[in-house]
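The following exercises are to be worked with the sequence and the coordinates at hand. Each task is followed by a solution in steps.

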Amino acid sequence: MSGPALSIRGLRKTFPKVLAVAGVDLVVARGEVFGLLGPNGAGKTTTLEIIEGLTTADAGEIEILGLTWAKQGQEIRSRIGVQLQSTSLFNKITPREALDLYGSYYPKRRGTQELLDLVQLEEKADAYHITLSGGQQQRLALALALVNDPELVFLDEPTTGLDPQARRSLWDVVRRMKGEGRTVVLTTHYMDEAEALCDRLAIMGHGQVIATGTPASLIADLAIPSVVELTFDGAAPDPAAFAARLGQAVERRADLWELPTPDPKALLPRLFEAAEAAAVPFQQVHIRRATLEDVFLHRTGRSLRE
Amino acid sequence: MMLWRQFAMEWRLYSRDRVAMFWTFAFPVILLMGFGTIFRDGGGPKLSVVRVQALAPEPRDAALDQALADLQLKVITLPKAEAEARWTRGETAAQLEPAGNGYRLRLNSYLMAQAGATAGVVNQAWLMAQARLSGAPEPQRIPIQVESPGHKRSANYASFLLPGLLGLNLVSMGLFSVGMVNVSYREKGKFRRLAVTPLPKWIFLLGQVLHRLTVTVIQAAILLLVGFLAFGIQNQGSTLNLLLLMALGTGCFMAFGFALSSFAETSESYSAISNLVFLPLMMLSGVYFTLDAAPAWVQHTVAVMPLAPFLRALRAVFNDGAGLAGHGLGLGIVAAWGLAAFALAVKRFRWA
């Protein structure tokens, strides 16, 4: 049980006309929750599918639990758990039947009742899959990914499309996975999810890893720990002239201006003075800590939600 | 053990799908009962002729009426105006009206099958009537016997239809239960979810194929039982030959489904492609009606398609108790289609 849970070197994949993965290197330690963060089209899912053996890479090396697909495919399959972006089950299969069936595919398996308890689906254990809510279906998908008591679990956007309450309950399941000593690799395009769940993150954009680290270290590395926001009633005006007058970067996003700063206390008096002089019609002022969103924006010039 | 679980789960999920159950098990029985009962006498609709009343009846009119009655043709006698109205409504196949010193027959061009047969009977009656009027010896009629090609007396339509339905069921099983299901599994990512488990894919596919096989066996058994109970239809040939034929057909059309499914990305496009194959096969292969009336090029074309030769052999065995020997070419065509489809399926089948 030594060595990393997952290590990837120089992974590349080109689809017709699209460079999906352009040289990815990653190392995931055993027992950590590792997040691949990035907007749609950043190459997260393709990277994950190559690791899971669903897609073959054009180049690169992958070691999963010290095993390689070329030689030990069946052993990898029996030791990893996978939740795909959309797990499609038969409409009229029940969670109990699905867990029994998928469990029967593996040499080693966890009890169906235990898994139902883990994802809190006891009450829906005998309901048809099609009658479950989105959150319940997603929790079943997680239970299916755990059916073989895997050492390494891959979750592809586990909470996309769920309401806040369902997301929280799914986060609890992921934390329990970590508590049981499993390694979890997940993709997400939610900042709060990455901050709440992940021990370490790789920020991806355009098929490459832009930055790796803990959420706190990634934010600290920005050297601009705070952001002052001016909100407007309606669309924000062009900040160029104001930025020049203030001698401070001002970025416009929809209905607000963002002023990244290491020292908001020093900035604020100057800001109010300049705003009054220029008659800037702002409504409110907020000061907030920098988030992973700012890290992403700073590194790529793109918003995660684009 | 894994295979058994897979097979058992296919059955359990299938039994919950009431719509599929209806189309698979109930619908063919409904078709057999419905058409079998409607066309119970085997002769299609009863023949009838509309007779326009003569203004001043002559002896020949009475003689012709008598002869028509002797030949058991249904005669509807109407005044001229009413007969014309009926003709205009399109309900009359053949109308017999006085013309000069004799008669004239008008035939409805939309109902030529009935009208042609009626015209033959009317002419025969008129020959009889003329002979009787002139005191000549009564003309003798040649007796008719209805028989199937293998000399078995299976005159009712249900016995023609039943093998057709058996064959059609195999086609729809292959194209829809196998082909459609595989396209939707691929489209919805069920195959991908399976691919990340250690379950060998062949076990999944074999479980599915075995399930469809048992469905087909049960479906055929139900049809045969209903055919026997309702219409007294029995397999006239050897059970072994029937089983061999069904096995060949199942293999051929299942391979068809697998091959065809590889050409579609989505369920929608598959349903277009499969209907493009299914509908002509169903309409033109002699499932419901014989094809004697079709143009020669149509007959030649369907003879090299898989369903028509299959049904020909199946009817020969089932209805006429024939062996398979005389159907080597036809069965060769079916087998060739099956092998070609299988090769294509193996080459093109995709999991994702």
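Predicted model: local features only at pLDDT ≥ 70, side-chain atom pairs only at ≥ 80, totals over all residues.

## Exercise 1: Helix 3 against helix 5 in chain B

Task. State at roughly what angle the axes of helix 3 (residues 59-70) and helix 5 (residues 112-134) of chain B cross, and describe the contact between the two helices.

Solution. 
1. The two axes come within 8 Å and cross at roughly 125°.
2. Angles of 65 to 115 degrees count as roughly perpendicular and those over 145 as roughly antiparallel; helix 3 and helix 5 of chain B are therefore oblique to each other.
3. The crossing of helix 3 and helix 5 of chain B is right-handed.
4. From helix 3 of chain B, the contact draws on Pro59(B), Arg60(B), Ala63(B), Leu64(B), Ala67(B), Leu68(B) and Asp70(B). Helix 5 of chain B supplies Ala125(B), Trp126(B), Met128(B), Ala129(B), Arg132(B) and Leu133(B).
5. Sorted by class, this contact has 10 nonpolar, no polar and 3 charged residues.
6. Ser134(B) also belongs to helix 5 of chain B. With 7 other C-beta atoms within 10 Å, Ser134(B) is exposed. A distance of 33 Å separates the C-alpha atoms of Ser134(B) and Ala113(B), which are 21 residues apart along the chain.

## Exercise 2: Helix 8 against helix 9 in chain B

Task. Which residues make the contact between helix 8 and helix 9 of chain B?

Solution. 
1. The axes of helix 8 (residues 201-231) and helix 9 (residues 239-261) of chain B come within 12 Å and cross at roughly 135°.
2. Helix 8 and helix 9 of chain B are therefore oblique to each other, and their crossing is right-handed.
3. The contact involves Val209(B), Arg212(B), Leu213(B), Thr216(B) and Ala220(B) of helix 8 of chain B, together with Met246(B), Thr250(B) and Met254(B) of helix 9 of chain B.
4. By class, the contact of helix 8 with helix 9 of chain B has 5 nonpolar, 2 polar and 1 charged residues.

## Exercise 3: Chain A and its core

Task. Describe the overall make-up of chain A, then identify which residues have the most contacts inside the largest nonpolar core.

Solution. 
1. Chain A has 11 helices and 13 strands. Its C-alpha atoms fill a box of roughly 75 × 45 × 35 Å along the principal axes.
2. Of the 306 residues in chain A, 40% are buried. Among contacts between residues at least 6 apart in sequence, 70% join residues at least 24 apart.
3. The largest nonpolar core has 71 residues, and Leu6(A), Ala143(A), Leu144(A) and Val184(A) have the most contacts inside it. Helix 5 (residues 134-145) of chain A gives the largest share of this core, 6 residues.
4. Leaving aside residues up to four places away in sequence, Leu6(A) touches Leu26(A), Val28(A), Ile51(A), Ile64(A), Leu152(A) and Val185(A).
5. A second, separate core of 47 residues includes Ala158(B), Leu170(B), Ala316(B) and Ala322(B).

## Exercise 4: Where the chains meet

Task. How many residues of chain A are in contact with chain B, and which helix of chain A gives the most to that side?

Solution. 
1. In total, 19 residues of chain A are in contact with 17 residues of chain B.
2. On the side of chain A that touches chain B, the elements giving two or more residues are helix 2 (69-79) and helix 3 (95-103) of chain A. Helix 2 of chain A gives the most, with 3 residues.
3. By class, this side of chain A has 9 nonpolar, 7 polar and 3 charged residues.
4. In helix 3 of chain A, the buried residues are Pro95(A), Glu97(A), Ala98(A), Leu99(A), Leu101(A) and Tyr102(A). Their cover includes helix 4 (112-118) and helix 5 of chain A, together with helix 1 (2-15) of chain B.

Methods
Residues numbered from 1 in each chain as written. Chains lettered and ligands numbered in written order. Axes fitted to C-alpha atoms, helices over the stretch in contact; angles between N-to-C directions. Helix = DSSP H or I, 4+ residues; strand = E, 2+ residues; numbered from the N terminus. Parallel < 35°, antiparallel > 145°, perpendicular 65-115°, else oblique. Left-handed = near helix turned anticlockwise from the far one by under 90°. Contact = placed C-beta atoms within 7 Å. Nonpolar A, V, L, I, M, F, W, Y, C, P; charged D, E, K, R; others polar. Buried ≥ 20, exposed ≤ 12 C-beta atoms within 10 Å, placed from the backbone. Core = buried A, V, L, I, M, F, W, Y, C linked by C-beta atoms within 7 Å.
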